[in-house]
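Hi,

Here is the structure I promised you.

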Amino acid sequence: MSVSVLLIEGDANHAAAIAQALAGARPGWRTVAAATLAQACGLLQAGAAAAPFDAVLAAQHLADGTALDLLALLGDIPALIAVPEGGEAHAAHALRRGFFDFAVQDPRGAYLQVLPEQVEAAITRSAGLRERRRVEAELERTSALLAEKTRALEVTLASVSQGITNVDAEGRIRVHNQRYLELLDLPPALLEGEPPAEQIVKFQTERGDFGPQFDLIEPGARGYVASEYAAHGGRLQVPDVYLRRTPAGRYIEVRTRMVPGGGRVRTFTDVTDYLSIQEALRQSEARWRSLTQLSSDWFWEQDAEFRFVRFDGSTEREQGTPDVQLYGLTRWEVPHTGVTEAQWRAHRAQLEAHEVFHDFEMQRTAPDGSTVWASVSGEPIFDAEGRFTGYRGVARNITERKRAEAEIQRLAFYDDLTGLPNRRLLMDRLEQATRLGARDGAHGALLFLDLDNFKGINDTMGHEWGDGLLVQVAERLSACVRASDTVARLGGDEFVVVLQGLHALEAEAAALAEAVAQKILATLNQPYDVRGRTMHSTPSIGIVLFCGTEQPVPELLQRADLAMYQAKSRGRNMLCFFDLGMQAAATARSALEADIRAGLQRDEFLLHYQRVVDADGAMLGAEALVRWRHSERGMVPPGEFIAVAEQTGLILPLGRRVLREACQQLAQWAREPACAHWTLSVNVSAQEFRHPGFVQQVLDVIAETQADPRRLKLELTESLLLHDVEDTIARMRMLRARGVGLSLDDFGTGYSSLSYLKRLPLSQLKIDQSFVRDVLTDPSDAAIACTVVALANSLGLDVVAEGVESDGQRDFLLRNGCRRFQGYLFGRPGPASALRAADTEPPSR
Ligand SMILES: Nc1nc2c(ncn2[C@@H]2O[C@@H]3COP(=O)(O)O[C@H]4[C@@H](O)[C@H](n5cnc6c(=O)[nH]c(N)nc65)O[C@@H]4COP(=O)(O)O[C@H]3[C@H]2O)c(=O)[nH]1
């Protein structure tokens, strides 16, 4: 073998000699001598780079601390130390410290004696030794690494939240962690000595861990039935993943993984919390499902660009649009109505500001053409980082509510029959019109219309025709004015037209208003075709101008109403502007009303009586005529207050008083033989007669006063026949059944219809004094008077002529069959006492 040796000796000559000797003994060896450590270092360094040495041989005296330095340079080559024979002890320290590998015997204590074989053997032994050392070092490092890894594994196993076991091919539990013991509540001692897994199962079985009470309620694919497991002694082939329940009530998910070599690793995970969260989630989803399925609301979600991405709930039914048509669209891209541009802008601004919004209402047309109203509320959605991801919310079909609202609005503000604004809306529009007038200085006009003959039409033809006429009048009125004007129906046959912005000058405005009113007159005068019948109707129109808010709206209406009455009293079918004279009359009327009220309270009303006589002038009875003994005005005749009493309803208390006094008078006469046969007529207004309690009131008064009903005659007027004739007849029959006489006053002046006359249970007709007055001079009045007498006779009724002032009149009437008379010719109305006194004397002619 060719060896390269570095020799180091403190003496250069010695070193060289040794090198030479070695080289001589082994030709081919390279022997290099170094006399100093520094030199040796240099050579070694050079050798490491170029021609490495196989060994270094040093003299014993170098086996001290300095050898350390040398050794540092030796690298991986054997280091020999030459020691004198038996001198190894000297080198022991260096050898022990590993500075040198071997001590080479030098029998004579000189290097010269170092044999090449010794160097070769040293090199060989050194190689083995080094290899062993290397292996040992490697082993040490590996076991240290293993120990470290084992520690790390143990720490890991101890810190994981799962229980873990490793069962080898023989079924012994080789590895387990603390968590495994905790989860299955196993005593640590049970796992000592790597016991067979069956031993654990046995322990658990004995403890009762697998009783039926731990069966999973819903074993399903992932669960297993604990009682079965026990029955199989733990040898049940369990699935790779299953769920078990522990006596502690925890749910453990067990996963088994086979490992190479036949063993298996099991993990035990406590999934109780997970399951309860899952259950809570399931419940929550079930709730959500119930909500969406049972509620008529629907739920929606949009992405960050406000496009629909999800719908839950009865959307198609309620929304009127299938979901699929809405996905990917924004709310404003879905065809809609009922939302103005400004409302959309406001809504989009809200969305862009990521604000919560409530009850945004919109309207869509469903595929079937119906209108669907929806109310939408929503809130923005943000992800975990707070980024806006869209909107979600709820929507509700509010079509019914909208319909109801519209209906309420219609009922509240519009007339049901004609669809025109009603009084409430009219008042509102009038307020607006007067405010507008105040701003722009233009006059407006209020036209108050009443149909002249409407009541007659309604009564004679029926309500259907009356309603039909009103609808057509409404249409014609609307056609006569501008869209900005208002046509309203106040009720019955009363209409109001509000004309706005006519003219700044009053005269001009009046002319314009009159033109419109004339147009209305002409239009409403045209014949109507109602339910196939041609009808005629005319209006009376009252007009009042307004400019600004000076006159309160109710007063304007009142003035127009007054003007309308004026138009009526001037002959109907005409228009009349309001003037202050009318106002004065109205004021006087309300003063009179207050006065009548006070008069009733002060008991200022009394009765005068006017005689009714037979052909011989003998007294048959009398007519009671009310008088008002006014504290300031003296005796006021009924002509001055009856009409107002009728208009204001005061006729009811007044009439009651008259009836009571008349009946008392009758009862009084009954007690006096001379007058016991007298009858007494009492005037009854249509309004009184129609009052629901009237018949009973008459009967009560009769009973109370003990008057003989057969002596009482109620004088009714023809105006009674204008309303509900059947009811009138029924009431009359009730009174007649109790013996009360009924007389038709003023016959021939009003609406008398012969057909009615036949059906009315009357006992007497009165010839109105307007016919009697001119009976001698006016042939037609004479003819009427004679006809009434003939009619009464043919119907078997008494007939009385009233207002007879002259013998001529009396004689004419007598000649023509009239046997009863009343009038100044026989006596003026006066107190009852005067009546009796007069009766004792011959009638004054
Ligand atoms: N020119 C003229 N007039 C004559 C003559 N004879 C009687 N008169 C008047 O003619 C009226 C007859 O009463 P009427 O037709 O029922 O008309 C009555 C009646 O409609 C009503 N009235 C009177 N009293 C009552 C009452 O107690 N209740 C009701 N509801 N109305 C009454 O007032 C009307 C007027 O009553 P009065 O002013 O008392 O006027 C009475 C009477 O004074 C005559 O020969 N020539």
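Let's start with the ligand: the shell around it has 10 nonpolar, 8 polar and 4 charged residues. Here Ala, Val, Leu, Ile, Met, Phe, Trp, Tyr, Cys and Pro count as nonpolar, Asp, Glu, Lys and Arg as charged, and the others, Gly among them, as polar. That makes 22 residues surrounding the ligand, the closest being V626, P638, N683, G823 and Y824 (a residue is near if its C-beta atom, placed from the backbone, lies within 6 Å of the molecule). β24 (619–630) and α20 (651–670) each supply at least two residues of that shell; helices (H or I, at least four residues) and strands (E, at least two) are DSSP runs, numbered from the N terminus.

Two housekeeping points. This is a predicted model, where local features need pLDDT of at least 70 and side-chain atom pairs count only at pLDDT 80 or more, while totals for chains, interfaces and linings use all residues. Residues are numbered from 1 along each chain as its sequence is written.

Now the sheet. It is open, with 5 strands in the order β17-β18-β16-β21-β22 and mixed pairing (two strands pair if DSSP finds at least two bridges between them). Strands β16 (residues 443–451) and β21 (residues 539–546) run antiparallel over 8 bridges, and L446 stands opposite V544 in β21.

Finally, A785: beyond its neighbours within four places in sequence, A785 contacts I767, F771, V772, V775 and L813 (contact means C-beta atoms, placed from the backbone, within 7 Å).

Cheers

Conventions: Contact = placed C-beta atoms within 7 Å.
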